[in-house]
Amino acid sequence: MTDIDVRLEHVTKRFDDVTAVDDVSLSVERGQFLTLLGPSGCGKTTTLRCIAGFETPTEGDVYVRDRRVNDVPPFERDTSMVFQSYALFPHMTVGENVAFGLKMNGIPDEAATDGGTVSQSSGVRGTLGSLFGRHGREEIQARVSNALELIEMPGYEDRAVSELSGGQQQRVALARALVTEPAVMLLDEPLGALDLKLRKNMQVELKNLQEELGITFVYVTHDQEEALTMSDRIAVMNEGRVEQFGTATEIYEEPRTKFVAGFIGESNIVRGDYRTTDEGSIIEADGLTFAVPDDPEVDGGTVAFSIRPEKIRLGDEARGQDNEFQGEVIDEIYKGNLGKFVVQLENGHQLTVDMQIRDQGVYRSTGETIRVGWSRENAVVLTE
């Protein structure tokens, strides 16, 4: 039987008259990287905070390793959280910040003992003293050093947080969460404050680290590319609900709703009347007939289908496809290795088409009449 580290059962969270999370149910397998993906205000961070214990569900249950934790405080949930703002203490060194993660894991904030005498020291040294008194100085130092090794910042224990770059501060926040050896890591847009290049590098490093440690990650982001790059599973959220749950490939290649098709990557969406024929299913829209895959869940009526820009062929490559039309290039963007074109069909529908530029002289120009086409199986019939 598959081990489940996080399970949500019909979780709803209301703030007065606003429903932030609406009847969400999902499971996260042990060692899996799950991303909650969606636009601002979709409920993804509130869902994460319900798992962490910073919010209590209005309805439903939250389980961490088969333990119902609705009424369990955050520091007793066997989870650690990394925030977008890092939430580091500027008056502490790197080592002190990382060690503080052990205290946040439930170690009492008590004075250190020295030969049976209670020390009355306070502040940072007092806090660390209490940690050392409980677990032993060598153990704490070893765990801090190990956490810094994991994030590739060995020897930074005595550095001031103010001396670090944004990327280094993000790593320290990660180390502070990892040092407690949690069952589940919760990450709320932790790369959001980084510049684009560093963010992309950190995506790879974070995924590699997660795989190396085998810890379950639940990650929140609004960045589609980030989610597709890092995740084993993605829960796409919209207006408090999970619209689709699946692998990155399933979410991208087989979106189930118009929202998912439009939010994940780029997609052309055409709405029309669905019906079946002897030659297969079709959608008729404004005088054109589009061949689409059979969908047993659709009996007929008005529906939509999506086709990704990179799935559409231009020119000679379009000939013989299940869908083949004539159109006019009305806009184009040259990207070096890629051309992005807007092609208007004879009924007025506009399609965005991506074309890999492999050879000299194949680029298309505005005003050019051209054939466009795609395979029936590359289209996806959508629900509302």
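Colleague: What should I know before reading the model?

Modeller: The model is predicted, so to speak of local features pLDDT of at least 70 is needed, side-chain atom pairs count only at pLDDT 80 or more, and totals for chains, interfaces and linings use all residues. Residues are numbered from 1 along each chain as its sequence is written, and side-chain values use heavy atoms, with hydrogens and water left out.

Colleague: In which sense do β18 and β21 pair?

Modeller: Strands of a sheet pair through backbone hydrogen bonds, either parallel or antiparallel. Strands are DSSP runs (E, at least two residues) and helices are runs of H or I with at least four, numbered from the N terminus; two strands pair if DSSP finds at least two bridges between them. Here β18 (residues 323–334) pairs with β21 (residues 369–374) in the antiparallel sense, over six bridges. Glu328 faces Thr369 of β21.

Colleague: How many residues lie between β18 and β19?

Modeller: Three, and the two strands form a hairpin. Gly336 in the turn has a positive phi of about 85°. The antiparallel pairing of β18 with β19 (residues 338–345) covers seven bridges, and Gly327 has Leu345 as its bridge partner.

Colleague: Which strands are at the edges of the four-strand sheet?

Modeller: That open sheet runs β2-β1-β4-β5 with antiparallel pairing. Its edge strands are β2 (18–29) and β5 (67–68), each pairing on one side only. Helix α1 (residues 44–52) packs on the sheet and touches β1 (4–15), β2 and β4, where contact means heavy atoms within 4.5 Å.

How values were computed. Axes fitted to C-alpha atoms, helices over the stretch in contact; angles between N-to-C directions.
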